[in-house]
Amino acid sequence: MTRQEFTNERSLEFSKWIRKYLPDSATGLCVGNLDWILWNWKTKVLMIVEEKTRMGKVNIWHDRLMKEVFVPALKSFCEKNEIEFKGYHVIKFENTSPEDGKIYLDGVEIDKDMLIALFGF
């Protein structure tokens, strides 16, 4: 089991602030977030995961940026530093979590045990 979240809550206040004060995408500025970084510091294994609930869709620009910029840069860095990079993946939940519906990893339905095995490296 991983350590419990420190705050025990999620705040959308910064998201609201960004939308209120920063330029919109018509100016060229796109703002996104990175959902999950899975890092085993003992075995030096790294994975990046985008989470979508209720079968949400990843923004096209976000997905392209991850695949065309971040993934190649991380692969290169990991190779030079003897880190195993397990890639960038999109996990979608039919509802809100692995406990209340179907799970899809990169478009393929998986079960909770498969998810635990993949993410529990």
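Which strands does helix α3 (residues 112-119) lie across, and at about what angle does it run to β4? Helix α3 lies across β1, β2, β3, β4 (103-105) and β5. It runs at about 40 degrees to β4.

## Overall layout

This is a predicted model. The protein chain has 121 residues. Its secondary structure comes to 3 helices and 5 strands. Along the sequence, these elements follow the pattern α-β-β-α-β-β-β-α.

The C-alpha atoms fill a box of roughly 40 × 40 × 30 Å along the principal axes. The accessible surface of the chain is about 9,400 Å². Carbon and sulfur atoms account for 55% of that surface. Of the residues, 23% count as buried. Take the contacts between residues at least 6 apart in sequence: 53% of them join residues at least 24 apart.

## The sheet

The 5 strands form an open sheet. Their order is β1-β2-β3-β4-β5, and the pairing is mixed. β1 and β5 (108-110) stand at the edges. Each has a single partner strand, so one side of each is left without a neighbour in the sheet. From one strand to the next, the twist averages 30 degrees.

Strand β2 covers residues 45-52, and strand β3 covers residues 84-93. These two run parallel and are joined by 7 bridges. Within this pairing, V45 stands opposite E84 in β3.

## Helices on the sheet

Helix α2 spans residues 60-80 and packs on the sheet. It touches β2 and β3. The direction of α2 makes about 155 degrees with that of β3.

## Salt bridges

Side chains of opposite charge can pair when their charged atoms come close. The structure holds 6 salt bridges. Three of them are described here, starting with E13 and K16. The closest N and O atoms of this pair are 3.4 Å apart. Both residues sit in helix α1, 3 residues apart, which means that about one helical turn separates them.

K67 and D63 form another salt bridge, with closest N and O atoms 2.9 Å apart. Both lie in helix α2. They are 4 residues apart, about one turn of the helix. D63 has a relative accessible area of 18% and is buried, because the cut-off for buried is under 20%.

E99 and K112 meet through their side chains in a salt bridge of 3.2 Å, N to O. This pair links distant parts of the chain, 13 residues apart. E99 is in the loop between β3 and β4, while K112 is in helix α3. E99 counts as exposed, at 59% relative accessibility. K112 counts as partly exposed, at 34%.

## A nonpolar surface patch

Which residues make the nonpolar surface patch? They are F14, W17, Y21, L22, L29 and V31. The patch covers about 590 Å².

V31 lies in the loop between α1 (13-21) and β1 (36-40). Its relative accessibility is 40%, so V31 counts as partly exposed.

## Positive phi in two loops

Where is M55 found? M55 is in the loop between β2 and α2. Its phi is near 60 degrees, a positive value in a residue other than glycine. The relative accessible area of M55 is 35%, so this residue is partly exposed.

D106 also has a positive phi, near 50 degrees, and is likewise a residue other than glycine. D106 is placed in the loop between β4 and β5. With a relative accessible area of 44%, D106 is partly exposed.

Note on methods:
Residues are numbered from 1 along each chain as its sequence is written. This is a predicted model: local features need pLDDT of at least 70, side-chain atom pairs count only at pLDDT 80 or more; totals for chains, interfaces and linings use all residues. Side-chain values use heavy atoms; hydrogens and water are left out. Patches are made of residues with over 30% relative accessible area and no salt bridge: like charges are joined within 9 Å, nonpolar side chains (Val, Leu, Ile, Met, Phe, Trp, Tyr) within 5 Å. Accessible areas come from the Shrake-Rupley method with a 1.4 Å probe; for residues, only the protein chains shown count as cover. A salt bridge is a side-chain nitrogen of Lys or Arg within 4 Å of a carboxyl oxygen of Asp or Glu. Buried means under 20% relative accessible area, exposed over 50%, partly exposed in between (1.4 Å probe, protein chains only). Two strands pair if DSSP finds at least two bridges between them. Axes are lines fitted to C-alpha atoms, for helices over the stretch in contact, and angles run from 0 to 180 degrees between N-to-C directions. Contact means heavy atoms within 4.5 Å.
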